[in-house]
Amino acid sequence: MANRRSFLQSALGIGAGLFATDKLLASTPPSSAQRLKESRSRSNSPAFNAPVVTTDIGDLPYTMDGDVKVFHLIAQVVKQQIAPNKTIDAWGFNGSAPGPTIQVNQGDRVRVIFDNQLPEPSSIHWHGFEDQIQYDGQPVISQPAVKPGGRFVYEFNIHQEGTYFYHSHMAMQEMTGMLGAFIMHPKEPYRPHCDKDFAINLQEYAVLPNNTVPNTMSMEFNWLLLNGKTGPATTPLIVRLGDRVRIRFVNLGMDHHPMHLHGHTFYVTGTEGGRIPETAWWPGNTVLVGVAQARNVEFIANNPGDWMLHCHLPHHMMNQMSSNVGKMTRMSSMGMPAGSGMNTGMGMLQGTAGTPLGEDYGPSLGRGMGIGGASDVATTNGPLSEAKARTAMQGMQHGAGGMNMADMQSHVAPNANDVPNFPQDAYMEGPMMAMDKRVERPENYGLNAGWSQYMQGMMTFIRVLPPNKYDEVISRMKQAKRSNDPYASVLNRG
Ligand SMILES: [Cu+2]
C-alpha cells in the first residue's frame, strides 16, 4: 500500500492522502507521457505474477502427484445461464461453458486427465503448445478419439509463457462451449508487473427464440458473451485506482471482436504466441481479437470511474437480436403490424402458438425477447403492450426510474411514427430493459441506479475505484463467501 501510494503521489505530483485526491484525479486526466513515466517507475518495484481472474468462470483446481501438477478436465453437458432467466444447453467442462481456466508456471510438469462424458467422441487440442505430437489432441491423426465414457491423459513440460487455450478440435463442439483459457505464468515475472490480471473468453451463440440449444451451424448470432455471460449479467472487473491491469482476451468463436476500453489507453503486450518485447508494444483503446487469437493488453487504471469494456461491433452490443428495427416493428399505414401478419408480410409459415413461428412469436422488437422473462420458458417476442410485458417479463424493473412502459410515449417524439427509421433503440434499450436487481452482486455495488438498461451483449465494466470505494466493494465480495469465487486470489490478498 505504501508503495502504491508513494508511486501514485510521485507519478501524479500529489502530496495529499489518496482519499482526498479523487476529485483531483478526475479533473486531471493523465497524458500519455505521464502514463509512460508511470510504466517506467513501476519497473523498479519488486515484480510478481498476479494470479489471473476469470470472472464468472474461475479456475480448474489441481492436485500434486510428486512434482507433477494434475488437473482433471471433464467434458460434459452443462446448463449455462447466460442472462437472467436465459439458460442454454451447452457442452463445456467441469460445470461451465467456457470451461474453467487452467493456470500453470513456466517450468511446471503438468498432467491433464481428460474424461469424456459427452454422448459422442471428443479430444482436447492445446492451442499454441509447442509440445509432442501425441498430445496435440487431433483425433486419429495424433491420438485415438476419446469415446463416450473414455479417458485420455495429456502430459506437458511447460516451457512457454503467455495466454494459451484448450478446446475440442471438433468445430461444432467448440461452438457449443468446449473451450477454456490456459495461462502459463513466466518464470521471471513480466516487467512492469501487473497488480490485476484478467482473462476474458469471447463467444457467440445462435439460439432461436424460446429455444435452449445453440445452432452451431448458424451465422446469425444473437447472444454475445464474455466468460459465458451477456451484459448486464457479466461481472465487472474490479480494480483499485492506480493498479496496473492486464486483460487477456481469448477468442475461440466464429467472429472477430474489436474489444474497446473507455477512459484509458492500453498497450498490446502479448499475443497467443506469448509476450511481445516492450519496444514493439503498440498503444490503442481498441484491439481486434481475431478468431483463434489471444491479445493481452496492459494499462495503468489511473482514471477513476465505471468504464465500459466491450466489443465494438454494433450487433455484438445487443441481446437476442432477431428482427429489424424501423417501421416493420410497428403498426402504421405503410408498415407491418407488430407481432402479427408476419406470415403474409414476410412469407413465413404460420406456426402454432407456443412455437417459435407461432403468431405470438413473430419477429418484432426482438431484442426484448427472452431476457428478463418470467422463467426459462417461452416468452413473447412482442408486440409491446404493458400488460403483456408485465406478465411475460416479470423480472424486468418496469417502472425503474419512475417510468412505466406506458410512459414511453413521453420519451419519443409525438411524430415518431412518421419517421421512417423509427424506432431504432427506443424500445430495445432504456427503462424497460432495467434489471439491476436481477443481476445484483457485490461487484455492482454503487453503480448508478438503472445502469443495466443500456448494457447488452459483449459488455462489462472495468470499475476503477478510489481506495475507499474499492475497499467497500472488496469487503462486500468477501462477505458474500462464494464457493469457487473467481476473485478468490484477489480477496485473499486483501
Ligand atoms: Cu464482437
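Which loop is P232 found in? Select P232 and look at the loop between strand 12 (223-226) and strand 13 (237-240); helices (H or I, at least four residues) and strands (E, at least two) are DSSP runs, numbered from the N terminus. The peptide bond from G231 to P232 is cis, with omega near 5 degrees.

Before moving on, some ground rules. This is a predicted model, where local features need pLDDT of at least 70 and side-chain atom pairs count only at pLDDT 80 or more, while totals for chains, interfaces and linings use all residues. Residues are numbered from 1 along each chain as its sequence is written, and side-chain values use heavy atoms, with hydrogens and water left out.

Next, go to P192, in the loop between strand 10 (179-185) and strand 11 (196-205). A cis peptide bond joins R191 and P192, with omega about -10 degrees. Most peptide bonds are trans, and most residues other than glycine have a negative phi.

On that note, pick D56, in the loop between strand 1 (52-53) and strand 2 (62-65). D56 isn't a glycine, yet its phi is positive, about 65 degrees. D56 has a relative accessible area of 22%, so it is partly exposed; buried means under 20%, exposed over 50%, and partly exposed in between (1.4 Å probe, protein chains only). Then try N94, between strand 4 (86-93) and strand 5 (102-105), where phi is also positive at about 50 degrees.

Now for the metal. Show the copper ion with H257 (ND1), C311 (SG) and H316 (ND1), which coordinate it at 1.9 to 2.1 Å. Donors are N, O and S atoms within 2.8 Å of the metal (3.2 Å for Na, K and Ca), and water is not among the atoms, so sites may look incomplete. Along the sequence, the donor residues are spaced H-x53-C-x4-H. Is C311 buried or exposed? C311 is buried, because its relative accessibility is 0%. H316 is buried too, at 4%.

Time for some rings. Select F93, W126, F129, Y135, F152, Y154, F156, Y164, Y166 and F182, and you have one aromatic cluster. Rings of Phe, Tyr and Trp (its six-membered ring) pair if their centres lie within 6.5 Å; planes under 30 degrees apart count as stacked, over 60 as edge-to-face and the rest as tilted. The count by this rule is 17 aromatic pairs. W126 and F129 make a tilted pair, because their planes are at 45 degrees, with ring centres 5.8 Å apart. Y154 and F156 are stacked, because their planes are at 10 degrees, with centres 6.4 Å apart.

Zoom in on R476, whose charged end sits over the ring of Y445, 3.6 Å from its centre. Then find R275, over the face of Y190 at 4.1 Å from the ring centre.

Finish at A449, in the loop between helix 6 (386-392) and strand 22 (459-465). A449 has a relative accessible area of 79%, so it is exposed.

Technical notes
Lys NZ or Arg CZ within 6 Å of the ring centre and 35° of its normal.
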